[in-house]
Amino acid sequence: MSEFKLRGSAMGGFADCARRAAFRQFAPIIAEKTGIEQKPRIFSRQARVGHAVHKQLELLLIAKDRGEAPDTVLIDQAVTEVLVTGPEQRYETDEIEPAWDGLPENDEIADLETATTMIRNMSDGLKEAVERIDPAAIEPGISALIEGVEVTAHPDWLTSDYKIGDLKSHKGTEPGNYIAQFGTSAAILQENGEPVNGLEQFNLQRLKTKQSPLRIVEYDVKVATRYARTLIGRTANNLEAFLDSGDPESFNANPRSPLCSPKWCDAWGTEWCKVHKQ
């Protein structure tokens, strides 16, 4: 099954509802085996702002790594470009995001001015985050073969003292929410013979009216890695069962998931999943 790939950022989804996560992660093979096609993905203004925040962090870290003062004009231009036109196409996907005017309207982020204000409100918090990070690698792509499946990840940074870091700027960034993602990154590095001394989640919430304080959550490396490896193994077994049978029941559904709705789940109401909230 080495031709199939699991993304570290998707592993939390498999923990929550494996059938929902599989429908997006394995869309081509699901269409081939069942004839059930993926719905067109709906992009959001919230996600676009998140992309722009990460672009700002990336450029700030690059400047620090080079021992240079950040070029604020260049950074502002790059952030605006991401907001207006969308992020660079990355992470082995064919999906291309629409320009800002093509994104669905949203009450929380009414216009570009509101989005820009939210990002500016994070400036001090981002500077504090950068001061705390000694980057050895910025946005590295890492991968390893685990349980017969290629597993990939793109942590926001790796530090010189072998810590994995990632910035979360949206709601729902409470401790534990991303243990699967961090544990997967750690497992990949360990498979490649690299040490992992820490897992740090930097929380900096996007707000319209005030500066959000920076909060750092640390995960236990051993606990997170063991959890991720168990989850990867279970997902690999589910995938193997599906390849043999073509049965959606190979992936367990979770109708109690807070994301079990047509808004958040592409599989909701399709032949792939009838086990959902009514």
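Helix α8 (residues 179-191) packs against α9 at an angle of about 90°, and the two axes lie 7 Å apart. Here the axes are lines fitted to C-alpha atoms, for helices over the stretch in contact, with angles running from 0 to 180 degrees between N-to-C directions. α8 is therefore roughly perpendicular to α9, a label for angles of 65 to 115 degrees; under 35 would be roughly parallel, over 145 roughly antiparallel, and the rest oblique. On the α8 side the contact (heavy atoms within 4.5 Å) is made by Ile179, Ala180, Gly183, Thr184, Ala186, Ala187, Gln190 and Glu191. From α9 come Val221, Val223, Ala224, Thr225, Tyr227, Ala228, Arg229, Leu231 and Ile232. These residues divide into 11 nonpolar, 4 polar and 2 charged. In that count Ala, Val, Leu, Ile, Met, Phe, Trp, Tyr, Cys and Pro are nonpolar, Asp, Glu, Lys and Arg charged, and the others, Gly among them, polar.

The model is predicted: local features need pLDDT of at least 70 and side-chain atom pairs count only at pLDDT 80 or more, while totals for chains, interfaces and linings use all residues. Residues are numbered from 1 along each chain as its sequence is written, and side-chain values use heavy atoms, with hydrogens and water left out.

Helix α9 spans residues 221-245 and contains threonine 235. Helices (H or I, at least four residues) and strands (E, at least two) are DSSP runs, numbered from the N terminus. Threonine 235 is buried, with a relative accessible area of 3%; buried means under 20%, exposed over 50%, and partly exposed in between (1.4 Å probe, protein chains only). A polar atom of the threonine 235 side chain lies 2.8 Å from the backbone oxygen of leucine 231. Leaving aside residues up to four places away in sequence, threonine 235 touches Leu6, Met11, Phe14 and Phe251.

α9 also takes part in covering helix α3. In α3 (residues 27-34), Ala27, Ile29, Ile30 and Ala31 are buried, and what covers the buried residues includes α2 (18-25) as well as α9. Glycine 35 follows α3 and has a positive phi, near 80°.

In the segment after α9 lies cysteine 260. Cysteine 260 is buried, at 13% relative accessible area.

The next element is an open sheet of 3 strands, ordered β1-β4-β3, with mixed pairing. Strands pair if DSSP finds at least two bridges between them. β1 (5-7) and β3 (142-146) stand at the edges with a single partner strand each, so one side of each has no neighbour in the sheet. Neighbouring strands are turned by 25° against each other on average, direction ignored. β3 and β4 (residues 149-153) run antiparallel and are joined by 5 bridges. Isoleucine 146 has valine 149 of β4 as its bridge partner.

Glutamate 147, in the loop between β3 and β4, has phi near 55° and is exposed, with a relative accessible area of 52%. Glutamate 139 sits in the loop between β2 (135-138) and β3. Its phi is near 50°, and at 14% relative accessibility glutamate 139 counts as buried.

Methods: Polar contact = N/O pair within 3.5 Å; in protein donor to acceptor, adjacent residues only side chain to side chain.
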